[in-house]
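Trainee: I would like to go through one part of this model slowly. Please start with a contact made by a side chain, and then show me what surrounds the topic.

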Amino acid sequence: MDEYKAYNLDYFPENILIDVLSYLGVRELVRAGRVCKRWKRLVKDQRLWRLVDLTAWKGVTSRILWLLLRQYLGCGLRCLRLRGLLLSARGGTFLSESWLKALSTKCPRLSKLYLLHADLRTLPSCQLLPPSLQVLELRGCELPREFFNQTHLTSPAHSQERAEATSSVGAQQQRRDQKGKGLSSPSGIGIERLVLNNVPSFTDQHLQSLTSWEKLNRLELRDTFRVTANGLRSCAAKEGPCGVEGLSRLKFLEIGITGRQGYQLQMASLGLGAGWLGLEELSLGGKEVGPGLLCASRLKDLKNLCLWACTLSEMQIVRSCRMLRGLRRLEFLDVIFQPRQCPPEVEGEGGDGERRRRR
């Protein structure tokens with residue numbers, strides 16, 4: 001042991017030191033970079049900045065975000081979790097357009113963004129977010145009306161070139177052909193999964209804007225009680241005069257609420273009866289999922305059905321799933337089953353009726 005007392009951290013290889021530093025949080029990493037020049041260089045290693053979680057750091061301001069972006073964040077960033085200043089008295093802009101543009105340039109591999117209690121009403125459109133995003137999760141955020149609209153934000157030079165191309169008949173015909181074939185625009189939104197958790201400002205208008213997202217295949221609505229049945233019906237993927245309209249690429253849909261407005265959102269699930277072509281996975285949760293479960297029987301392409309945090313009877317499940325010929329998996333999470341109540345015509349059948357119902 002006397003021989004090892006003469007050694008310190010300077011004798012450790014850099015790979016081992018980086019593994020040790022990976023267990024530290026963001027604030028501890030920044031502090032560790034002030035120890036010496038070697039640690040300052042090691043802290044900037046991009047292997048330590050792949051998953052950055054700032055939700056536990058309640059005092060994050062725009063100044064701190066600029067500092068992290070200029071000195072630490074880079075091409076290694078894959079997932080970023082931020083906590084905004086929605087309930088803070090300090091005010092000010094948390095996510096500015098200039099910071100988001102710098103984030104897109106310096107972190108071209110960022111694929112997942114999680115925002116908690118962020119006020120996004122200062123952003124005109126979600127197209128200001130990094131174009132490399134594949135997953136966007138919003139929790140407790142405030143949204144403007146036109147946030148999900150797919151408006152093309154381009155430079156003046158690009159706009160002039162596009163205007164000249166628009167004037168030609170050939171360019172117009174080419175765009176019609178691309179639209180008919182389902183080809184996406186280079187400047188389109190590339191988000192494949194959108195999670196909205198406790199976003200009160202999300203309405204049917206926002207849901208309608210999502211129909212222009214050509215890569216969206218997973219949509220999760222949790223505690224978004226301003227969505228109505230008419231809003232879901234208007235966005236349903238169904239056959240139209242120009243082919244399949246609505247959320248045609250959507251494969252997974254989740255509708256769930258646990259708050260006081262649960263009844264409103266569960267009644268909104270009546271919009272599932274509009275058909276929804278191509279929907280393969282459905283998740284329903286809340287105190288009462290009866291309306292949504294009843295309408296889910298009309299989803300011809302449904303393969304997986306998940307029911308969670310609700311109270312159901314066996315007969316409700318049997319009657320709703322009887323028409324789902326393509327159903328392959330039925331999952332229950334925290335489901336309370338009501339006591340079995342057999343009708344008189346079934347009670348007289350004896351064991352054969354019970355076996356048929358269970359089958």
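Mentor: Happy to. Let's begin with a term: a polar contact is a pair of N or O atoms within 3.5 Å, and within protein one of them must be able to donate a hydrogen and the other to accept it. Keep in mind that this is a predicted model. Now look at serine 320: a polar atom of its side chain lies 3.4 Å from the backbone oxygen of leucine 293. Serine 320 belongs to helix α12, which covers residues 314-321. Its relative accessible area is 7%, so serine 320 counts as buried, the cut-off being under 20%.

From there, turn to the sheet. Ten strands make up an open sheet, with parallel pairing, in the order β1-β2-β3-β4-β5-β6-β9-β10-β11-β13. The edges are taken by β1 (51-53) and β13 (329-333); each has a single partner strand, so one side of each has no neighbour in the sheet. On average, neighbouring strands here are turned by 5 degrees against each other, direction ignored.

Next come the charged side chains, where the structure holds nine salt bridges. One of them joins arginine 41 and glutamate 14, at 2.8 Å from N to O. Arginine 41 sits in helix α3 (residues 37-43) and glutamate 14 in helix α1, so this pair ties together parts 27 residues apart in sequence. Arginine 41 is partly exposed at 47% relative accessible area, and glutamate 14 is partly exposed at 31%.

Glutamate 220 gives you another group to inspect. Its salt bridge with arginine 222 has the closest N and O atoms 2.4 Å apart, while for its salt bridge with arginine 218 that distance is 3.6 Å. Glutamate 220 is buried at 2% relative accessibility, whereas arginine 218 is partly exposed at 27% and arginine 222 is partly exposed at 23%.

Finally, go back to helix α1, which spans residues 14-21 and includes isoleucine 16. Isoleucine 16 is partly exposed, at 40% relative accessibility. Together, Phe12, Ile16 and Val20 make a nonpolar surface patch of about 260 Å².

Terms used
Residues are numbered from 1 along each chain as its sequence is written. This is a predicted model: local features need pLDDT of at least 70, side-chain atom pairs count only at pLDDT 80 or more; totals for chains, interfaces and linings use all residues. Side-chain values use heavy atoms; hydrogens and water are left out. Two strands pair if DSSP finds at least two bridges between them. Helices (H or I, at least four residues) and strands (E, at least two) are DSSP runs, numbered from the N terminus. Axes are lines fitted to C-alpha atoms, for helices over the stretch in contact, and angles run from 0 to 180 degrees between N-to-C directions. Patches are made of residues with over 30% relative accessible area and no salt bridge: like charges are joined within 9 Å, nonpolar side chains (Val, Leu, Ile, Met, Phe, Trp, Tyr) within 5 Å. Accessible areas come from the Shrake-Rupley method with a 1.4 Å probe; for residues, only the protein chains shown count as cover. A salt bridge is a side-chain nitrogen of Lys or Arg within 4 Å of a carboxyl oxygen of Asp or Glu. Buried means under 20% relative accessible area, exposed over 50%, partly exposed in between (1.4 Å probe, protein chains only).
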